[in-house]
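I wanted to go through this one slowly and jot down what turned up. Here it is, in the order I looked.

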Amino acid sequence: MAVTIKDVAKRAGVSTSTASRALNNSSLISAATKQKVKQVAQILNYHTNYNARNLSLDETNLVGVVSESIAGDASANLFQMDLIQSISKSLNKRHYELVWLTGKNQDEILKRIAKNYNQFRIKNFIFLKDELSNEIVEFLNDNQINFLVIGHPEQKVRAINNDNILAGKAATEYLVKNKSSKNPLFFQSSKNQHFEQDRYLGYKDYLKSILKTPIRLTEKTDLEQFIKAHPEIDGIVCVDDALMIKELNHILKIDLPVITFNDSYLVGKLLKRWTFVDLKPEVLGQEAVEVLFNKKIENKVIDFSIKDRT
């Protein structure tokens, strides 16, 4: 006869509901009780019946991870791919599976979310894009759907992120103090996304603190020509590894000290020496899953570090 959750609960000396929550890593259950129940489950060779669990809870052991459709150069999504891999590993430890939902725009994303909620009873979502329409937020809240945003959303919603303002400031300070750059340039994409705005604010704040004038340039302007026209520029704060890869040939020709963001495997393969702000996507993904299932936490900030491989 198959071992049931009732057998595990009885042997562990807890209620059936407590045993179930413990096996699903509920934040409502103490670490000691979780360990005890899991040990009993292992001894009894108990395996969760997820079909029965899903029916009883009217939800599935799936988590929707939402982003915009990947378009163009795959390098533009390096950080996102690291995040997804980390989230998937963390969900697997909780016996959840990841479903990746994408859309070309906010309306398309809303339709995908609604379909997966209504048809497949997915009630947990992690958003990799912090630009959410009011319609998406209203749908999630109206249906009491549990969700978390990775980034800096405009709405008052649960979120986890790096402190990109502080990271931008630290990157600029490192370039000035360790690479002898007196007039560094801030180089960003033409999209001017939230994280780019925040990193620029940090860059600008630090330069103003040392009485220097900030200079911002987007990829729409020829980087080489701009540097030639402004010989006082002696360093570059590049907004992320995607732009670094895209403009790599130009950056190498300029031959100025550069600091970028993200510990990208691809950049590491292309460059033997480079300096970067490690935003720790593996930690960010792990913590995103923890926060998602712990509704007591509204916001969390993940630390970063600067690494110099020059």
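**Entry 1: a positive phi.** I started at Asp 255, which sits in the loop between helix H12 (248–254) and strand E9; helices (H or I, at least four residues) and strands (E, at least two) are DSSP runs, numbered from the N terminus. Its phi is near 55°, a positive value in a residue other than glycine. Asp 255 counts as exposed, at 65% relative accessibility. My cut-offs here are under 20% relative accessible area for buried, over 50% for exposed, and partly exposed in between (1.4 Å probe, protein chains only). The areas come from the Shrake-Rupley method with a 1.4 Å probe, and for residues only the protein chains shown count as cover.

**Ground rules.** This is a predicted model, so I keep in mind that local features need pLDDT of at least 70 and side-chain atom pairs count only at pLDDT 80 or more, while totals for chains, interfaces and linings use all residues. Residues are numbered from 1 along each chain as its sequence is written, and side-chain values use heavy atoms, with hydrogens and water left out.

**Entry 2: another positive phi.** I then checked Asn 192, where phi is near 50°, again positive in a residue other than glycine. Asn 192 is in the loop between strand E6 (184–188) and helix H9 (194–209). At 31% relative accessibility, Asn 192 counts as partly exposed.

**Entry 3: into H9.** Glu 196 is in helix H9. Is Glu 196 buried or exposed? I get a relative accessible area of 1%, so Glu 196 is buried.

**Entry 4: the whole chain.** I stepped back for the totals. The chain has 14 helices and twelve strands. Its C-alpha atoms fill a box of roughly 80 × 40 × 35 Å along the principal axes. Of the 310 residues, 49% are buried.

**Entry 5: salt bridges.** How many salt bridges does a search of the whole structure find? I count seven, taking a side-chain nitrogen of Lys or Arg within 4 Å of a carboxyl oxygen of Asp or Glu. I looked up three of these pairs.

- Arg 94 pairs with Glu 290, with 3.2 Å between the closest N and O atoms. The two come from distant parts of the chain, 196 residues apart: Arg 94 is in the loop between helix H5 (78–93) and strand E2 (97–103), and Glu 290 is in helix H14 (residues 281–292). Arg 94 counts as buried at 7% relative accessibility, whereas Glu 290 is partly exposed at 41%.
- Asp 263 and Arg 309 meet at 3.4 Å, N to O. Asp 263 lies in the loop between strand E9 (258–261) and helix H13 (265–270), and Arg 309 in the segment after strand E12 (305–308), so the pair ties together parts that are 46 residues apart in sequence. Asp 263 is partly exposed at 27% relative accessibility, and Arg 309 is partly exposed at 37%.
- Glu 287 forms a salt bridge with Lys 300, the closest N and O atoms being 2.5 Å apart. Glu 287 is in helix H14 and Lys 300 in strand E11 (residues 299–302), 13 residues apart. Lys 300 counts as partly exposed at 30% relative accessibility.

**Entry 6: the sides of H1.** Which residues of helix H1 (residues 5–12) are buried? I find Ile 5, Val 8, Ala 9 and Ala 12. They cover an arc of only 95° around the axis, which puts them on the same side of H1; the arc is that of the directions from the helix axis to the C-beta atoms. On the other side of H1, I see Lys 6, Lys 10 and Arg 11 exposed.

**Entry 7: a negative patch.** Last, I looked at surface charge. Asp 107, Glu 108, Glu 135, Glu 138 and Asp 142 form a negative surface patch. The elements giving two or more residues to the patch are helix H6 (106–120) and helix H7 (134–142). H7 gives the largest share, three residues. Asp 107 lies in helix H6 and is exposed, with a relative accessible area of 56%.

For the patch, I used residues with over 30% relative accessible area and no salt bridge, joining like charges within 9 Å and nonpolar side chains (Val, Leu, Ile, Met, Phe, Trp, Tyr) within 5 Å. Lys and Arg count as positive and Asp and Glu as negative, with His and the chain ends not counted. The place of a charge is NZ of Lys, CZ of Arg, CG of Asp or CD of Glu.
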